[in-house]
Amino acid sequence: MDFEIQRLATSLDEMSPTGRATIFGLCARVLAPLVVEVERRYAGVWSFRDYAPALEVIETFALDAGPAGDRGELRASLAASVPNGHDLDGPWSTNVQAAIICADAGLAAASVDAQPESIWIEYALEPLTSSVQARDIALVRRLGYTAWLYRLPQDPAVAAALNFIQQCCRRILSGGPLTRREFTALVSEGNVLLPVRVD
């Protein structure tokens with residue numbers, strides 16, 4: 001799995017800040033329902049009021065040629081809202097952390113004084129891979145975690161997610177900025193990043 005994530009990171013390294021903001025913003029937008037679900041389940045306990053404004057800032061920069069700006073205050077406020085495993089049980093903490101890291105990476109790309117680490121793209125896959133691990137727990141126990149992780153990229157759900165992100169990267173590297181219509185279409189296709197059902 002490390003090889004596949006590094007390949008995605010390499011593609012992001014080749015992009016302009018606009019391209020990186022597009023990819024991370026796209027992933028954050030796809031994962032947004034997970035944030036909404038936590039707010040619904042834990043109404044009055046968890047609220048991520050800076051998440052939607054962060055997505056708007058990212059998308060304005062990435063899709064509407066908005067200017068880079070000082071995103072420090074919004075990034076700090078967003079980071080302060082991140083729950084940890086002691087405060088919120090998994091998978092909900094994992095899902096929200098991953099979504100917020102993607103949003104933070106998009107904000108960094110849209111900043112005048114920061115850029116995201118390309119390897120942060122691994123967080124776009126975290127809700128999915130965590131759910132696949134939970135689904136495959138008997139297999140993980142039988143094979144061992146390392147052997148299971150080696151096989152993970154061949155899992156159909158994970159392969160589809162990896163392919164989705166790679167195709168988005170190729171589209172941006174070859175064709176430049178996306179229109180809002182193209183971005184919205186990719187958000188629908190991006191449902192492959194969402195967790196699988198665990199019975």
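Colleague: What should I keep in mind about the numbering and the thresholds?
Modeller: Residues are numbered from 1 along each chain as its sequence is written, and side-chain values use heavy atoms, with hydrogens and water left out. Since the model is predicted, local features need pLDDT of at least 70 and side-chain atom pairs count only at pLDDT 80 or more, while totals for chains, interfaces and linings use all residues.

Colleague: Happy with that. Why is α2 called roughly antiparallel to α3?
Modeller: Helix α2 (residues 17–41) and helix α3 (residues 51–63) pack at about 150°, their axes 9 Å apart. Axes are lines fitted to C-alpha atoms, for helices over the stretch in contact, and angles run from 0 to 180 degrees between N-to-C directions. Angles under 35 degrees count as roughly parallel, over 145 as roughly antiparallel, 65 to 115 as roughly perpendicular and the rest as oblique. That makes α2 roughly antiparallel to α3.

Colleague: And which residues of α2 and α3 meet?
Modeller: Among them are Ala21, Gly25, Ala28 and Val35 in α2, with Tyr51, Leu55, Ile58 and Phe61 in α3; contact means heavy atoms within 4.5 Å. By class, the residues of this contact divide into eleven nonpolar, three polar and three charged. Here Ala, Val, Leu, Ile, Met, Phe, Trp, Tyr, Cys and Pro count as nonpolar, Asp, Glu, Lys and Arg as charged, and the others, Gly among them, as polar.

Colleague: Then what makes α2 roughly parallel to α6?
Modeller: The α2 and α6 pair packs at an angle of about 30°, with axes 10 Å apart. That value makes α2 roughly parallel to α6. In this contact, Cys27, Leu31 and Leu34 in α2 meet Tyr123, Ala124 and Pro127 in α6, and the classes are six nonpolar, no polar and no charged residues.

Colleague: Which residues have the most contacts inside the largest nonpolar core?
Modeller: They are Tyr51, Ile121, Leu125, Ile165 and Leu193, in a core of 60 residues. A nonpolar core is a set of buried Ala, Val, Leu, Ile, Met, Phe, Trp, Tyr and Cys residues joined through side-chain atoms within 4.5 Å. The largest share, twelve residues, comes from α2. Leaving aside neighbours within four places in sequence, leucine 193 is in contact with residues including Cys27, Leu31, Leu125 and Ile165.

Colleague: Why does valine 35 count as buried?
Modeller: Buried means under 20% relative accessible area, exposed over 50%, partly exposed in between (1.4 Å probe, protein chains only). Valine 35 has 2% relative accessibility, so it counts as buried. This valine lies in helix α2 and touches Phe48, Tyr51, Val96 and Ala99, not counting residues up to four places away in sequence. Valine 35 and phenylalanine 48 are 13 residues apart in sequence, and 7.5 Å apart in space, C-alpha to C-alpha.

Colleague: Is alanine 65 buried or exposed?
Modeller: Alanine 65 has a relative accessible area of 70%, so it is exposed. This alanine is found in the loop between α3 and α4, and its phi is near 55°, a positive value in a residue other than glycine. Most residues other than glycine have a negative phi.

Colleague: And where is proline 67 found?
Modeller: Proline 67 is also in the loop between α3 and α4. With 65% relative accessibility, proline 67 counts as exposed.

Methods. Helices (H or I, at least four residues) and strands (E, at least two) are DSSP runs, numbered from the N terminus.
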